[in-house]
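Biologist: Could you put the model up and walk me through the packing and the charged pairs?

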Amino acid sequence: MNPPATTATWHEANQRYLTAALGRVRAALERHATRTEASHEARAASASPDGAPWHGPDLDGGGEMAPPALEQLCATFGLSAFERDVLLLCAGVELEASFAALCADAQGEAQRPFPTFGLALAALPEAHWSALTPSAPLRRWRLLDVGAGSSLTASPLRIDERVLHFLAGVQHLDEHLAGFVRPAAVPEGGLVPSHRAVAERIAATWSQEASRGRLSAIQLCGNEAAGKRAVAAAACALVGLQLFVMPADALPTSPADLDTLVRLWEREAALGSGALLLDCEDLPPGDAARERLVSQFIEAVGSPLLVAARERWPLRHRPLVVLDLDKPTRPEQSAFWEGTLGGQAPTLNGQIDRLTAQFDLSTPTIEAACARARGQIPPGGEAAPAEMEAFLWEACRVQARQHLEGLAHCIEPVAAWDDLVLPTLQRQTLRDIVAQVRQRVRVYETWGFAARSKRGLGISALFAGPSGTGKTMAAEVLAHELRLDLYHIDLSQVVSKYIGETEKNLRRVFDAAEEGGAVLLFDEADALFGKRSEVKDSHDRYANIEVSYLLQRMETYRGLAILTTNMKNALDDAFQRRIRFMVTFPFPDAAQRAEIWRRIFPPETPTEGLDVEQLACLNVTGGIIRNIALHAAFLAADAGEPVRMAHLLRAARSVYARLEKPLTDNEIRGWL
């Protein structure tokens, strides 16, 4: 528990009380050193350090006196009168120079200027051997350290530094915990209403359970990591606790070290009125040993504990209250945007609604995005509404990117509609995709379609066709048009041979992408989303679960998910039925190939004598055309010449040889 309010009055009174208590123990040492009997007055003083009851400051105006730190500590850990005096004996050596010499005199050896259990048993009143045991408070709670000696009773004793400072009325985090936990502050801007309701429920649960002695562990589920910390800190503040956060991967694997950590934390929680949030958000999926370790820690800790994790932890010996915490609702996000932007909000002409429609951000991320956007404004200047809108949009993209780092590769979308050569029907379908992404909030929420059903609201597209026909470029064009990030999902990092790992990896990808509404590109998706197999064994059953999980996430993902495949027929039939858009990318005919050749060279590239009709005779896809053009550009640059047909012929032969494809005379007739 915390010492009373840090007023000068309390500290002065606490110091007087501690000094008197030390004086009583010093007198006992002196009596033992001189082998004299204690006086009647000294025996009477044992009930109170200064012969009078404690008179500390009145903290709340209600007449209750705040106890001194020594009394708080004794009550918290259940110290007997003898254990209290042993602790004071050790504190005296640190606080008063005379104690060391007295210890040496009392033990009859100048080389022993330190307290021992043997000295305490001989010199202090009401001595009992049980105070020495490891399960007794002094050693169980590590209030003092036992040094090396010839025996337990002859070993040096030293008060723990955290306990010493507490007795002096000084609060600080135990240095042994500094590498494990860190304090969390209550958010200055407060909580949105839905999050405040969760914080109040936590506080009410703990308040109702206070008489039981051990509180339920609280688990906060959902993908709102930043919100969990803010809610936990606010809930702790409501019941007068200070929140500390510890990542689950910091837990020691040794049972002895884990037990030490539990003891040190519980002591810290008692001394500093602390609660702990165990952060399991970044725990590697599938690490069964680490998950068991987390469960052991949760069940071992008896102090107020919260757990931030996506899935419920199975506990046997401790009650667990599970609460879901989602991102702030769109109205809450809009209100928070307006409050954070202040006077700039009315000038944005509906841009806040567009931001909340596209980006699903937590309140700290919104604050960071606003700060980044304001940082783009020149010092002393002002941003026009259009400029501020662009700054905010880009800031939202930047804030959302960090959650996808390591899970997918970000492709900078630079391709535009003019770079894409496709039949009219396919181009129109792509524009329809853009329209649905832009208008999904209006149709789903304002026009009420989401209220009818939560299924099938995700916008997904399947791009099917041979390699090099423009599938990835089309995804890039969509991302560029929507001003969103495009993330290429590395299937080698997603698919796992271990049961259950693939869906865990998919969950991480989708959860991370939700915040920024990024465009997800699953290239060559048939490798991951193939047809569900007949169930012959457990592996078949779990493989089907992976496909079913993906179907569910694709239907609920609030952004745009694009799948590409060279083999459309290899995809699961049920999967294809749930895809919103299907775009077939055909092998380009001669007219389309000619158009690709007309657009393939940037305006800055010098060319001379190129015949696109002859070049279109090459029976290849747009991807191969690009490779040939790029190869020819390097040949021409090295020769100091503009790109000519000769360079393209040499490049075509090289690319065809690499593809092990014959270059026929009909394809290159008339090139030179």
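**Contacts, cores and salt bridges**

Modeller: Keeping in mind that this is a predicted model, I would begin with Gln-351, which is in contact with Glu-389 and Trp-393 once its neighbours within four places in sequence are left aside.

Biologist: Where does Gln-351 lie, and is Gln-351 buried or exposed?

Modeller: Gln-351 lies in helix H14, which covers residues 351–358, and Gln-351 is buried, with a relative accessible area of 0%. The cut-off here is a relative accessible area under 20%, so a residue at 0% counts as buried.

Biologist: Switching to the nonpolar side, which residues of the largest core touch the most other members?

Modeller: That core has 49 residues, and the ones touching the most other members are Trp-337, Leu-341, Leu-430, Phe-463, Leu-478 and Leu-560. Helix H19 (residues 471–482) supplies the largest share of this core, six residues.

Biologist: And what does Leu-478 touch?

Modeller: Not counting residues up to four places away in sequence, Leu-478 touches Trp-417, Leu-430, Ile-433, Val-434, Phe-463, Leu-560 and Ile-562. Apart from this core lies another, of 45 residues, which includes Tyr-17, Phe-99, Phe-117 and Ala-131.

Biologist: On to charges, then: how many salt bridges are there?

Modeller: The count comes to 21 salt bridges. One of them joins Glu-96 to Arg-26, with the closest N and O atoms 2.3 Å apart. This pair links distant parts of the chain, 70 residues apart, since Glu-96 sits in the loop between helix H4 (81–95) and helix H5 (98–107) while Arg-26 belongs to helix H1 (residues 8–34).

Biologist: Are those two buried or exposed?

Modeller: Glu-96 counts as buried at 17% relative accessibility, whereas Arg-26 is partly exposed, with a relative accessible area of 22%.

Biologist: How accessible are Asp-174 and Arg-267?

Modeller: Asp-174 is buried at a relative accessible area of 2%, and Arg-267 counts as buried at 1%.

Conventions:
Residues are numbered from 1 along each chain as its sequence is written. This is a predicted model: local features need pLDDT of at least 70, side-chain atom pairs count only at pLDDT 80 or more; totals for chains, interfaces and linings use all residues. Side-chain values use heavy atoms; hydrogens and water are left out. Helices (H or I, at least four residues) and strands (E, at least two) are DSSP runs, numbered from the N terminus. Buried means under 20% relative accessible area, exposed over 50%, partly exposed in between (1.4 Å probe, protein chains only). Contact means heavy atoms within 4.5 Å. A nonpolar core is a set of buried Ala, Val, Leu, Ile, Met, Phe, Trp, Tyr and Cys residues joined through side-chain atoms within 4.5 Å. A salt bridge is a side-chain nitrogen of Lys or Arg within 4 Å of a carboxyl oxygen of Asp or Glu.
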